[in-house]
Amino acid sequence: MTDEERLTYSDAGVDIDESDAATAALLDAVGNVVDSEYAGLLDIGDQYLGLATDGVGTKLLVAEALEDYSTVGIDCIAMNANDLVAAGVDPVAFVDYLAVEEPSEEFSEQVGDGLAAGAEAAGLSLLGGETAVMPDVIRGLDLAGTCAGLVDKEQTFDGEAQPGDVLVGFPSSGIHSNGLTLARTAVTREYEYTDPFPPNPDRSIGEELLEPTRIYTYLLEPLREHDARAAAHVTGGGWTNLTRMGEHRYDITDPCPAHDIFEFVQELGNVADEEMHRTFNMGTGFVAAVPEKQADALADATDGQVIGTVKEGESVEVRGLSL
């Protein structure tokens with residue numbers, strides 16, 4: 001396959017730069033937003049009320065193809081709760097918004113079961129939500145939600161990594177819930193979602209893509225106990241999310257191993273290494289910057305591993321790439 005046939009996220013239909021510019025324009029228009037990069041924070045005295053909102057994205061199209069919506073509720077909880085964790089906020093409650101072309105008791109029940117499972121895993125309460133039937137607007141369904149959290153002001157992260165800090169990374173469960181437009185476009189060049197996944201024929205390709213997003217709320221206490229300065233949820237934008245911890249050089253020497261699904265997508269789409277790392281988590285779903293003396297202890301207390309260091313500069317250096 002030639003370079004001209006290389007698939008990019010933009011080719012698949014999502015331009016990250018345009019999306020970032022649109023988000024910035026929205027924030028400028030709203031004004032007075034206290035933004036911790038991953039969540040909005042409202043000062044309520046001794047605490048901050050944190051709010052994050054996100055959806056499942058085009059992962060829903062894989063669920064639709066397999067007629068299996070049992071895990072997308074977990075994804076919806078995870079994408080929101082993980083953003084609050086990156087902001088240093090304890091998720092406490094969640095409301096969902098399900099928009100459908102036509103109502104279906106079967107898939108609504110499956111979505112609800114997933115939301116309940118995600119809420120239990122994240123340790124938060126489901127406060128209900130809204131189901132909207134909009135045949136003139138929606139094809140199939142869309143699922144999004146908002147997560148609320150609380151944190152005492154003295155427990156918040158600084159939000160800024162420092163040169164000399166060590167980076168501790170935590171494994172992802174797979175592709176999570178971003179970059180699916182690129183992944184779907186790549187794999188459906190040659191396969192159906194119901195086909196066996198070549199690296200693990202006991203699972204279908206669709207099942208591999210639907211692997212639920214990992215929930216990282218269990219990290220909050222260890223991060224605080226080990227003086228984490230800042231954290232990054234490796235979501236839309238891939239490894240460039242590390243720059244949300246400040247404009248530094250993030251030198252990644254030992255990232256968590258990438259799952260087979262990433263190599264599969266890359267080969268089928270002839271996707272460049274840089275594009276993969278700017279789109280997907282590539283095996284590392286969450287990263288924290290901590291003082292050097294705390295890094296090994298944090299890794300030992302969790303399932304994390306030391307993956308690199310923070311240095312002077314402005315880039316993310318990973319697997320021979322400079323992002």
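I opened with Asp 227, which counts as partly exposed because its relative accessibility is 41%. This is a predicted model, so I read every value here as computed from that prediction. Asp 227 sits in the loop between helix H8 (220-225) and strand S9 (230-233). I checked its backbone too: phi is positive, about 60 degrees, although Asp 227 is not a glycine. I jotted down the background: most residues other than glycine have a negative phi.

Arg 319 belongs to the loop between strand S13 (315-318) and strand S14 (321-322). Is Arg 319 buried, exposed or partly exposed? Its relative accessibility is 35%, so Arg 319 counts as partly exposed.

**Entry on the whole protein.** I stepped back and found 11 helices and 14 strands. The radius of gyration is 19 Å, close to the 20 Å that the globule rule gives for 323 residues, so the protein is as compact as a globular protein of that length. Along the principal axes, I noted that the C-alpha trace spans about 50 × 50 × 40 Å. Of the 323 residues, 50% count as buried. I also looked at contacts between residues at least 6 apart in sequence: 85% of them join residues at least 24 apart.

**Entry on surface and charge.** The protein exposes about 14300 Å², and carbon and sulfur atoms supply 46% of that area. For charge, I noted 16 positive and 62 negative side chains. The centres of the two sets lie 6 Å apart.

**Entry on helix H5.** I tested the length of H5 (residues 105-122) next. At 1.5 Å a residue its 18 residues should span 26 Å, and the end C-alpha atoms are 25 Å apart, which agrees. Which residues of H5 are buried? I listed Phe 107, Gln 110, Val 111, Gly 114, Leu 115, Gly 118, Ala 119 and Ala 122. Their cover includes helix H4 (72-86) and strands S3 (90-100), S4 (125-133) and S5 (141-152). After H5 comes Gly 123, with a positive phi near 70 degrees.

**Entry on helix H9.** Seven of the 10 residues of H9 (residues 260-269) are buried, so this helix is largely enclosed by the rest of the structure. I wrote down the buried ones: Ile 261, Phe 262, Phe 264, Val 265, Gln 266, Leu 268 and Gly 269. What covers the buried residues of H9? Helices H6 (180-187), H7 (205-209) and H10 (273-279) are among the cover, and so is strand S7 (196-197). Just after H9, I came upon Asn 270, which takes a positive phi of about 50 degrees.

**Entry on Ala 289.** My last stop was strand S11 (residues 284-290), where Ala 289 has its place. Ala 289 counts as buried because its relative accessibility is 0%. Leaving aside neighbours within four places in sequence, I found Ala 289 in contact with Ala 161, Asp 165, Val 166, Leu 167, Ala 228, Arg 229, Ala 230 and Met 245. I also looked up Gln 305, which is 16 residues from Ala 289 along the chain; their C-alpha atoms are separated by 12 Å.

Key: Residues are numbered from 1 along each chain as its sequence is written. This is a predicted model: local features need pLDDT of at least 70, side-chain atom pairs count only at pLDDT 80 or more; totals for chains, interfaces and linings use all residues. Side-chain values use heavy atoms; hydrogens and water are left out. Helices (H or I, at least four residues) and strands (E, at least two) are DSSP runs, numbered from the N terminus. The radius of gyration is taken over C-alpha atoms; the globule rule is 2.2 Å times the number of residues to the power 0.38. Buried means under 20% relative accessible area, exposed over 50%, partly exposed in between (1.4 Å probe, protein chains only). Contact means heavy atoms within 4.5 Å. Accessible areas come from the Shrake-Rupley method with a 1.4 Å probe; for residues, only the protein chains shown count as cover. Lys and Arg count as positive and Asp and Glu as negative; His and the chain ends are not counted. The place of a charge is taken as NZ of Lys, CZ of Arg, CG of Asp or CD of Glu. The expected span of a helix is 1.5 Å times one less than its number of residues.
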